[in-house]
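Let us walk through this model step by step. Start with the metal, then move to the core and the symmetry.

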Protein chains: 2
Amino acid sequence: MVDPSMLLERKGLKITPQRYAILKFLQHTTIHPTADEVIEQLNRDLPMTSRATVYNTLNTLRDVGLVHEVTHEAGVLRYDANIDPHHHFICSQCGKLEDLDWKLFGNLNHEALSAQCPVVENIEVIVRGVCRHCRNR
Amino acid sequence: MVDPSMLLERKGLKITPQRYAILKFLQHTTIHPTADEVIEQLNRDLPMTSRATVYNTLNTLRDVGLVHEVTHEAGVLRYDANIDPHHHFICSQCGKLEDLDWKLFGNLNHEALSAQCPVVENIEVIVRGVCRHCRNR
DNA sequence: ATCTCTCTTTAGAATAGATCTAGTTTGAGA
DNA sequence: TCTCAAACTAGATCTATTCTAAAGAGAGAT
Ligand SMILES: [Mn+2]
Ligand SMILES: [Mn+2]
Ligand SMILES: [Zn+2]
Ligand SMILES: [Zn+2]
């Protein structure tokens, strides 16, 4: 796991306590938090980050490519510091959103695609279903 | 293309001029309209559908499965009357959202997936890139 | 050490998409 | 024709996000 300071510096962003804390939190969670969940978590112990700064920072990190927006639920915007190619699974019962390994689906970027999409920037598979935990209850 | 009246009736929904018009419009467009675009189009000639009714109707149609929500852009909620399995392509330059044929990616629902997702309800591939039109300009 | 300039943070106002409310209209069935 | 539940409506409300304008912070210059 790369140090947040290094990542921020590489992108030419000043290292501030708020940016450091937000990026570090996103790096260490797997829940793909919403902006509200980021605010909640950061200010749980010691309030030090305003609502506006969380939104500003998330947008800044997204602009420089350090986090990705995950937009597969109506009205819910999540953030993901895992920027390696991967897929997502959403449980329709509990709402959990999990990573799926990139290699799970083989090579998706093949010839036939270029008819409609000559330049591919990103491919992602979204799987909706019921997770193991929800199935067994 | 199935008649909207028949689809509504099958789902036990009353056939109203508003529901008929909204479903018919969605059936005949390929742009995956937002709620605002539905309102705009329906009231272009003869205003007859309120904002609240468009939202109510879209939610009703979604609840009975006659339309799907398409939620792949931050803050943008689109509607799709094509409920056959298919994938989507989004052009990062012009924002166009197009259907991709289901058969384009072969069988995605294979054994390895069931480890994390024992019950699969839906699989969809999202491709982001540059469309032919935007590439050639 | 002080100044300066730019970037960052902040509280609160504003915006916009979606939902809710309460009253009205509609039409199928008695 | 009457009744009643479902559907429609205008406008109020809600809520996630963005905007605004002012304060803070820090790197380099003097
Ligand atoms: Mn992820
Ligand atoms: Mn579609
Ligand atoms: Zn679950
Ligand atoms: Zn394009």
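B:Cys134 is buried, with a relative accessibility of 8%. B:Cys91 is buried as well, at 2%. The model is predicted, and both cysteines belong to a metal site in it.

That site holds the zinc ion (ligand 4). Its donors are the SG atoms of B:Cys91, B:Cys94, B:Cys131 and B:Cys134, at 2.2 to 2.4 Å. Along the chain these donors follow the spacing C-x2-C-x36-C-x2-C. B:Cys91 sits in strand E3 of chain B, while B:Cys134 sits in helix H5 (residues 132-135) of chain B. The pair therefore ties together parts that are 43 residues apart in sequence. What is the arrangement of the four donor atoms around the zinc ion (ligand 4)? It is tetrahedral, because the donor atoms subtend angles of 104 to 119 degrees.

Take A:Cys117, which is buried at a relative accessible area of 1%. The cysteine sulfur closest to the sulfur of A:Cys117 is in B:Cys91, 8.1 Å away. A:Cys94, by contrast, is partly exposed, with a relative accessible area of 40%.

Next comes the core. In soluble globular proteins, nonpolar side chains tend to be buried together. Here the largest nonpolar core has 28 residues. Which of them touch the most other members? They are A:Phe105, A:Leu113 and A:Val127, along with B:Phe105, B:Leu113 and B:Val127. Strands E3 (87-91) and E5 (119-130) of chain A each supply at least two residues of this core, and so do strands E3 (87-91) and E5 (119-130) of chain B.

B:Val127 shows contacts to both chains. Leaving aside residues up to four places away in sequence, B:Val127 touches A:Leu113, A:Cys117, A:Val120, A:Asn122 and A:Ile123 in chain A. In chain B, its contacts are B:His88, B:Phe89, B:Ile90, B:Leu100 and B:Phe105.

How do the chains relate? A rotation of 180 degrees, with 0.0 Å of shift along its axis, superposes chain A on chain B at an RMSD of 0.0 Å. The two copies are thus related as by a two-fold rotation axis. Within chain A, A:Val125 comes closest to that axis, its C-alpha lying at 2.2 Å. Of the interface residues of chain A, 100% are also interface residues in chain B, so the copies meet through the same surface.

Technical notes. Residues are numbered from 1 along each chain as its sequence is written. Chains are lettered from A and ligands numbered from 1 in the order in which they are written. This is a predicted model: local features need pLDDT of at least 70, side-chain atom pairs count only at pLDDT 80 or more; totals for chains, interfaces and linings use all residues. Side-chain values use heavy atoms; hydrogens and water are left out. Buried means under 20% relative accessible area, exposed over 50%, partly exposed in between (1.4 Å probe, protein chains only). A disulfide is a pair of cysteine sulfur atoms within 2.5 Å. A nonpolar core is a set of buried Ala, Val, Leu, Ile, Met, Phe, Trp, Tyr and Cys residues joined through side-chain atoms within 4.5 Å. Helices (H or I, at least four residues) and strands (E, at least two) are DSSP runs, numbered from the N terminus. Contact means heavy atoms within 4.5 Å. Donors are N, O and S atoms within 2.8 Å of the metal (3.2 Å for Na, K and Ca); water is not among the atoms, so sites may look incomplete. Four donors count as tetrahedral if all angles lie between 85 and 135 degrees; four count as square planar and six as octahedral if opposite donors are over 155 degrees apart and all others between 65 and 115; anything else is irregular. Copies are superposed by least squares on the C-alpha atoms of residues with pLDDT of at least 70 in both.
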